Amino acid sequence: DDRTILAEADCINAKALFSLPHSGLVLLAGPPENGGTMVMKIEGGGAPSSTSGSKSPSKKGDMELDLVEVDLVDWCPNEDALDFFTNCHLLAATDLTKNSFLILVASPVNESSHAYFFVVFQ
């Protein structure tokens, strides 16, 4: 792959990564003070990748996929859903169906306690 990190802004301070293959999403869990969880959409996969110029070997038929960051303001159905990604700690995520997934988040109540929420997105 010929893409490289060009600046510190290209780096992500993620604590965990969750793959949701049925939903076509990757969630990068970061602390709320660093913007919270980043949602990436998997795009591509329709055309086999070209091995010319590639630094890593590729098998015939491999698909080239891109991760594109989702704009959470547009993607989330409401402000409450947005808060789960930006102001909470993402602890777990899993696909339920092709069009739905579940997340477990922790929200600080005070310095010594958290509230935990299971949230289903469709």
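This note goes through the predicted model point by point, from overall confidence to single residues.

1. Basis. The model is predicted: local features need pLDDT of at least 70, side-chain atom pairs count only at pLDDT 80 or more, and totals for chains, interfaces and linings use all residues. Residues are numbered from 1 along each chain as its sequence is written, and side-chain values use heavy atoms, with hydrogens and water left out.

2. Confidence. Where pLDDT is low, the predicted coordinates should not be read in detail.

3. Overall make-up. Two helices and seven strands make up the secondary structure of the protein chain. Both kinds of element are DSSP runs numbered from the N terminus: helices are H or I with at least four residues, strands E with at least two. From the N terminus on, the order is β-β-β-β-α-α-β-β-β. Of the 122 residues in the protein chain, 29% are buried. Buried is under 20% relative accessible area, exposed over 50%, and partly exposed in between (1.4 Å probe, protein chains only). Among contacts between residues at least 6 apart in sequence, 35% join residues at least 24 apart.

4. The β5-β6-β7 sheet. Three strands form an open antiparallel sheet in the order β5-β6-β7, with β5 and β7 as edge strands that each pair on one side only. On average, neighbouring strands of this sheet are turned by 20 degrees against each other, direction ignored; the axes are lines fitted to C-alpha atoms, for helices over the stretch in contact, and angles run from 0 to 180 degrees between N-to-C directions. Two strands pair if DSSP finds at least two bridges between them.

5. Strand β5 (residues 89-97) is joined to strand β6 (residues 100-110) by seven bridges, and D95 has F101 in β6 as its bridge partner. The two form a hairpin with two residues between them. Nine bridges link β6 to strand β7 (residues 113-121), also antiparallel, with A106 bridged to Y116 in β7.

6. The β1-β2 hairpin. Strands β1 (residues 16-20) and β2 (residues 25-29) run antiparallel and share five bridges; L17 has L28 in β2 as its bridge partner. Four residues lie between the strands, and G24 in the turn has a positive phi of about 75 degrees.

7. Helix α2. In helix α2 (residues 79-86), the buried residues are A81, L82, F84 and F85. They lie on the same side of α2 because they cover an arc of only 150 degrees around the axis, the arc being that of the directions from the helix axis to the C-beta atoms. E79 and D80 are exposed on the other side. At the start of α2, a side-chain oxygen of N78 comes to within 3.1 Å of the backbone nitrogen of D80.

8. T37. This residue sits in the loop between β2 and β3 (38-48). T37 counts as buried because its relative accessibility is 3%. Apart from neighbours within four places in sequence, T37 is in contact with L27, L28, A29, G30, L72, F85 and L90.

Notes:
Polar contact = N/O pair within 3.5 Å; in protein donor to acceptor, adjacent residues only side chain to side chain. Contact = heavy atoms within 4.5 Å.
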